[in-house]
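Please consult the sequence and structure below while reading.

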Amino acid sequence: MKLKQRVVLLAILLVIFIFTKVFLIDNLDTSAANREDQRAFHRMMASLHVELDPRLDHTLQSPWEIAAQWVVPREVYPEETPELGAVMHAMTTKKIIKADVGYKGTQLKALLILEGGQKVVFKPKRYARDYVVEGEPYAGYDRHNAEVAAFHLDRILGFRRAPLVVGRFVNLRTEIKPVATEQLLGTFMTVGNNTCFYGKCYYCRETEPACADGDIMEGSVTLWLPDVWPLQKHRHPWGRTYREGKLARWEYDESYCDAVKKTSPYDSGPRLLDIIDTAIFDYLIGNADRHHYESFQDDEGASMLILLDNAKSFGNPALDERSILAPLYQCCIIRVSTWNRLNYLKNGVLKSALKTAMSHDPISPVLSDPHLDALDQRLLGILATVKQCTDQFGPDVVLVEDRMTLSHL
């Protein structure tokens, strides 16, 4: 064989070797990542049921100090949280030392301060579990039980971006009124034999109070994030106009996602993938009301999209509002870890997992069966949407490897 032919042959063999090595390494990395996703899923399933137990492993710290230490830029609580039950027990039992009107917003809520100085947001019960909210997908009052269910779904999906939520019964006469500010106290009234209040918010009306059963009111409490992590509010790029006859650009522009990708903070970093994770989360819970979202301040797009205010969810189990998935089907990208987790939750696993996760809650049963059934049905819709994307663009384009290191040091 001539020297020139030998050189060409060696060059071809070298190229084949390099491509084979790269292919094998990529496959090994992908396989390792998939195995870790599977292990993480099994760990989550093993820790689904959380007993509300006051005992703490760290006896020298309060539950509030422990929860505050959990918060980092990419998650609100860590994957393994042996003290979760103790923190949630404190949220539902600690003495209320102050009650005030809620922070700014459109819906009725109260701001409570618990013993030890911890702030929580209290949202009162407005509907029975089997009540169906008709009309627009964002219609109706906030649903306190939706906050509880959404928190546990966040755990199940492995996002860990929703603040802790637990159900709580409060005695308005003995626990709230004696420590209420004048502003909140001025909104209390008696309707029949029931104690009621209407608070202060954009849609709060004296004619539409929330009423207890006698003096006992069911509600949810959401743990306030530590003050050292101030929040920054952003307009959601797929937000609705809330004006009849006026569509947002994403509702008629097929290339809208291309424009979003050229805009900060969606042109780099994890934020666009967070938006798509959130669309999946919101579609599952039926939340079409995320017109804004929060991240931590001065994060330059690196922190998570925090899953706050999920109470406009679980209103109508028969309504699958596909437009909530617009970020997914317009951008046609999804995290591999999210895709893997969704596939692990097929065949009734999601419904069963959420039911187990919520079974410990003081206001259990948190959701009616039709809402649990709707979750499994909506999951199929998400999987079908991703398949349409992979059929059109290929899995290498659609499935994005984006695993970010999370530090709790």
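The points that follow are grouped by topic. The model is predicted, with local features requiring pLDDT of at least 70 and side-chain atom pairs counting only at pLDDT 80 or more, while totals for chains, interfaces and linings use all residues. Residues are numbered from 1 along each chain as its sequence is written, and side-chain values use heavy atoms, leaving out hydrogens and water.

**Annotated site**
- An unreviewed UniProt entry assigns the annotation "active site" to D289; such annotations may be inferred rather than shown by experiment.
- D289 is found in the loop between α8 (271-285) and β10 (292-296), where helices (H or I, at least four residues) and strands (E, at least two) are DSSP runs numbered from the N terminus.
- Not counting residues up to four places away in sequence, D289 touches Y138, Y242 and K312 (contact means heavy atoms within 4.5 Å).

**R74**
- R74 is placed in the loop between α2 (63-70) and α3 (84-93).
- R74 has a relative accessible area of 11% and is therefore buried (buried is under 20%, exposed over 50%, partly exposed in between, with a 1.4 Å probe and protein chains only).
- The side chain of R74 reaches the backbone oxygen of S303 at 3.3 Å.

**Aromatic residues**
- The structure holds nine aromatic pairs (ring centres of Phe, Tyr or Trp, the latter by its six-membered ring, within 6.5 Å; planes under 30 degrees apart are stacked, over 60 edge-to-face, the rest tilted).
- The rings of F41 and Y344 form a tilted pair, because their centres are 5.1 Å apart and their planes at 40°.
- F41 lies in helix α1 (residues 3-46) and Y344 in helix α10 (residues 336-344), so this pair ties together parts 303 residues apart in sequence.

Methods: A polar contact is a pair of N or O atoms within 3.5 Å; within protein, one must be able to donate a hydrogen and the other to accept it, and residues adjacent in sequence count only if both atoms are side-chain atoms.
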